[in-house]
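Work through the exercises below with the structure open. Try each task before reading its solution.

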Amino acid sequence: MASSSEREVDNISLPLPTREHATLRSVWGLGNQLFVYAANRDPPRQSDGRPSARPQTTDILDVRWNADMYGPVTRKLVNESHSVFVMLQGQVTSHTGSALYSQLKKASRKYRSVLKACTLELQAVESCEENAEKRSYYDDQIQLLEIVQLIWSLCEILFIDISPGEMVLTQLLNWIQSHFSYGRQLAEEVIKEEQADTHPAYWQAVYRLLLQGDVDRVRKLLSLHTCNQTQPFASVDELLKKMPQWRTTHAMSLAEFDLKWRHWREECMRRYEEGQFTAFSQLEVVVQILCGDMLVFSEHRDLCETWYHLLISRLLFQHPTVRPTDLSLYAQECMEEFRRAGQRMGDLDNILLAAFEFDLHQVVKDSSTYLSGHSWWFVAHLTDILHHCGQIDSQKLAFGSNLREYLLLQYASGLMSHHSLWQVGVDYLDFCPVLGREHLKLFIESLPLDSERKANKLLHICQERDLSEQAQSICKVMGMRCTDDGRLGSALSWFLRSKDVPAATRLTERFLQEYKEHGRFSHVDLLDHLGPTMLLTKQLTFLGKYREFHRLYQEKDLQAAASLLLALLAERVAPRDFWVTLLMDALPLLETPQVVLGTQQTYELMHCLEELTLELQKHSTNAATNIGARPKSPGVRVSATASTQLISESDLEKLKFLRLALARNLSRAILHEGTIAPA
Amino acid sequence: MFAAKSISADHKDLIHDVSYDFHGRRMATCSSDQTVKVWEQGDDGQWHCTASWKTHSGSVWRVTWAHPEFGQVLATCSFDRTAAVWEKEAGQNHWLKRTSLVDSRTSVTDVKFAPKHLGLQLATLQLSLLEPKQSAPSNVSSGGKVQIHEYSEVQRKWNKVETVVMVAEPVHDVCFAPNMGRSYHLLAIASKELSIISLKPLRKDPAAGGTGISKFEMRQVAVFDEHESQVWRASWNVTGTILASSGADGFVRMWKANYLDNWKCISVLKGDGSTGEGPASIPQNSVTSGAPSSIPPNGAATNGSGSSVVSHEPPARSMNIKRNTGWPWMDIKKDQFKLFY
């Protein structure tokens with residue numbers, strides 16, 4: 001099948017130069033997107049290092065495919081079929097047996113009505129469109145949807161809506177009638193004519209309608225003929241009136257119907273052979289059709305337009321009670337008939353023939369290759385229904401799952417490439433039990449985070465599906481982006497959500513640094529509402545608590561503020577380089593009119609101060625020896641090499657004040673406690 | 001089916017590489033004109049150049065993005081024997097050079113970031129001035145040109161686990177497919193032909209314990225010679241379902257498996273070219289023995305034994321994985337920096 005494999009390859013010509021020593025190169029974009037550019041051959045060689053003298057075009061092409069679903073109208077198709085799909089998946093799990101079966105039938109009809117609505121809307125849009133190029137685009141879309149409907153309805157008749165004991169032909173007749181409307185159009189035109197039978201297409205309309213089994217209209221048309229009072233016309237009318245019609249309401253078995261029909265046909269034959277109609281050659285054709293004359297069908301083949309119309313018309317007058325399994329035999333005959341007449345059979349014909357042959361895999365396979373260039377919509381949804389109907393065996397395929405999942409993945413992958421339809425895609429992936437989750441992970445990692453809203457949406461999706469790794473990555477990326485924009489507060493909250501310790505630590509240190517430099521906090525709101533999240537890192541706990549200290553101090557709750565401050569120091573929550581600041585913060589508490597810090601607390605503060613000074617001293621001597629053992633005064637001096645660890649002269653002065661204040665406070669506290677104690 | 005939109009990159013010389021950031025809204029291009037350009041996609045879907053600056057004093061071969069978790073970071077490599085790392089300045093469209101790696105004595109031909117779970121690590125590849133050493137003659141005789149290495153957490157080193165014997169010609173590119181739940185790994189090898197190899201992990205010998213080297217059942221899933229001669233590059237899409245290759249015939253071809261796992265060409269992209277001499281014939285390249293190496297997108301080994309790297313025989317180029325220090329963001333996942341050699 002060399003021809004078919006060639007057919008499957010799309011040859012795309014791009015407006016890029018082809019030169020010697022050059023090649024096209026590609027880079028994957030998001031989903032179905034490739035960037036293609038012309039480049040030198042690979043790998044780069046040393047001699048290529050110099051810029052080449054020839055000026056080159058440096059265009060990059062942004063190539064996308066399977067983009068047909070992204071038009072405004074077809075997007076509606078995507079969204080509406082999505083809700084049908086999701087509902088059906090729910091029903092599959094909750095219903096069984098005949099209840100499920102009726103739901104499946106309903107779903108199939110819903111899909112078709114969505115398709116129909118979409119086609120109608122496209123037709124409306126097309127008729128208003130001025131631009132010829134766009135018109136032809138819409139025209140293509142309409143054609144495609146028509147084809148899809150044609151295949152879908154046939155599959156529905158043959159595989160989904162099966163009713164044993166019913167006449168399959170009635171459904172097939174409806175199928176033909178709804179897809180071939182030219183006969184009815186002609187009839188309407190003819191009827192408008194004052195003298196109907198003078199219309200050049202009068203007989204054509206009659207034949208066309210008759211071939212579709214539209215007996216009522218045929219009788220109406222014939223009654224408009226000038227000679228309708230003559231005997232032959234009356235005879236035909238009687239025959240038509242008598243033609244057995246299958247009604248579901250009649251409690252008639254197929255065998256009974258068959259008997260009735262045979263009687264009727266014998267009567268047609270008899271009247272024809274009696275030569276009742278020889279006066280009107282056209283009327284004779286009508287009766288010949290009624291008799292199921294092979295020759296007359298061949299002659300009027302063109303009125304059927306296609307082999308499958310011819311098939312149904314022939315069956316109607318030759319084997320109305322045909323069993324579904326026998327369809328393939330007649331289908332091949334009709335196809336052969338058209339092929340002999342020089343008509344080339346296309347992809348659509350092969351798909352329909354495969355359906356008549358009940359070869360579902362072939363239908364799906366051919367539809368995939370023929371239609372999926374535009375979109376996987378059709379095969380994915382049809383296969384899903386057929387799968388639930390049990391028509392397609394769910395054998396595990398080489399790629400790891402079954403056919404249904406394969407097709408759903410293809411369809412969903414297309415949706416995931418789209419900037420808004422990706423949310424629909426997520427739902428489809430959810431119903432791919434084997435590989436859907438892994439696909440979703442990969443997609444989520446590459447979906448662009450355009451806005452906070454989208455990021456939150458994605459996070460929600462991750463949470464619902466327990467994809468913690470992906471959720472973390474999203475928060476991290478968002479946090480980095482906020483940092484980049486200078487929105488440190490939002491950045492911190494993103495990092496907190498992702499529990500990203502290093503990043504949160506980094507930011508916290510930045511906040512603390514900022515406080516040290518400017519003496520105030522930014523993002524107070526965030527800090528005040530940290531809650532338990534502050535336990536994420538030591539620094540953050542300190543930052544949160546330290547901010548709480550400031551708040552308490554501002555609210556004049558000095559006791560609480562003092563004990564918090566002390567706790568920060570005594571429990572070593574505060575980083576060492578912040579101790580000076582903290583101790584300084586204690587100063588105002590020591591100078592208040594009432595005694596805030598008791599003796600015990602004051603001792604602890606003094607202890608902390610001592611610890612700090614000792615450390616500073618040790619450090620500075622170390623630093624001094626490191627520099628070259630230059631003799632130094634025992635006092636603490638800021639050394640250039642160790643400046644980060646040590647403190648400035650002014651801070652040192654402050655510490656001296658603090659020592660004094662502590663001593664004063666201690667004396668006050670002893671007095672204070674002494675006076676109250678006696679009780 | 002196809003819609004193509006042209007972006008005028010406006011480089012003054014040939015583009016060597018186009019790289020797309022992980023979320024698909026930014027693109028970086030590099031060229032022989034020694035500059036790198038960064039592009040952003042606006043809400044209107046158009047691409048705008050937001051930054052363009054001279055990066056090197058020679059042709060820039062490759063440009064690549066770090067994962068956005070590390071902020072906006074680019075790495076470039078050039079003919080001028082250096083590789084550089086760039087970071088966008090906060091709040092501005094200005095890129096700062098964070099580091100310049102000058103270890104190479106020859107042109108640096110490839111640069112790649114490690115998978116994000118390894119932290120911010122960079123691998124560079126340089127042309128070797130030395131004659132290719134045939135360190136493992138057995139390999140040469142068996143003709144294997146692609147080796148699979150796997151990182152062992154226990155031993156803290158990379159072990160060679162397999163040699164792909166199916167490919168005997170010089171290799172230009174290798175690429176692991178993202179694993180979307182398959183029970184096997186897919187490896188695309190661009191050589192004289194494009195081959196797709198499936199690697200199915202075999203159960204480890206329990207007696208060997210944690211140090212056991214994983215074994216793979218290798219199968220050649222497909223070989224394509226449609227490119228007629230050399231295949232230069234191969235790359236997978238995000239889910240590892242479509243492979244794009246570019247070859248000496250000047251075409252880009254896309255390959256996809258149907259549900260029966262038959263790989264087929266699904267489309268051919270070609271220029272409608274001006275010179276019209278048909279596909280350019282490429283003379284045999286003398287330096288083809290060395291080829292860009294790649295780090296797979298994720299650990300190729302299944303049971304947590306880390307990731308695998310693919311390199312080539314003979315070792316015409318040396319590979320350095322650099323640890324960057326003195327960079328404010330470098331302390332992410334400190335402990336994971338132990339993983340370098």
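Predicted model: local features only at pLDDT ≥ 70, side-chain atom pairs only at ≥ 80, totals over all residues.

**Exercise 1.** Determine how helix 20 and helix 21 of chain A are oriented to each other.

Solution. 
- Step 1: Locate the pair. Helix 20 of chain A covers residues 422-430, and helix 21 of chain A covers residues 436-446.
- Step 2: Take the axes. They come within 8 Å and cross at roughly 155°.
- Step 3: Apply the cut-off. Angles over 145 degrees count as roughly antiparallel, so helix 20 of chain A is roughly antiparallel to helix 21 of chain A.
- Step 4: List the contact. From helix 20 of chain A come A:V426, A:L429 and A:D430; they meet A:G436, A:H439 and A:L440 of helix 21 of chain A.
- Step 5: Sort these residues. Three are nonpolar, two polar and one charged.

**Exercise 2.** Check the length of helix 2 of chain A, then find its buried residues and what covers them.

Solution. 
- Step 1: Helix 2 of chain A runs over residues 72-94, which is 23 residues.
- Step 2: The buried residues of helix 2 of chain A are A:V73, A:T74, A:L77, A:V78, A:S81, A:F85 and A:L88.
- Step 3: Their cover includes helix 3, helix 4, helix 18 and helix 20 of chain A.

**Exercise 3.** Summarise the make-up of chain B.

Solution. 
- Step 1: Chain B has one helix and 23 strands.
- Step 2: Of its 341 residues, 49% count as buried.
- Step 3: Take the contacts in chain B with a separation of 6 or more; 50% of them join residues 24 or more positions apart.

Notes: Residues numbered from 1 in each chain as written. Chains lettered and ligands numbered in written order. Axes fitted to C-alpha atoms, helices over the stretch in contact; angles between N-to-C directions. Helix = DSSP H or I, 4+ residues; strand = E, 2+ residues; numbered from the N terminus. Parallel < 35°, antiparallel > 145°, perpendicular 65-115°, else oblique. Contact = placed C-beta atoms within 7 Å. Nonpolar A, V, L, I, M, F, W, Y, C, P; charged D, E, K, R; others polar. Expected span 1.5 Å × (residues − 1). Buried ≥ 20, exposed ≤ 12 C-beta atoms within 10 Å, placed from the backbone.
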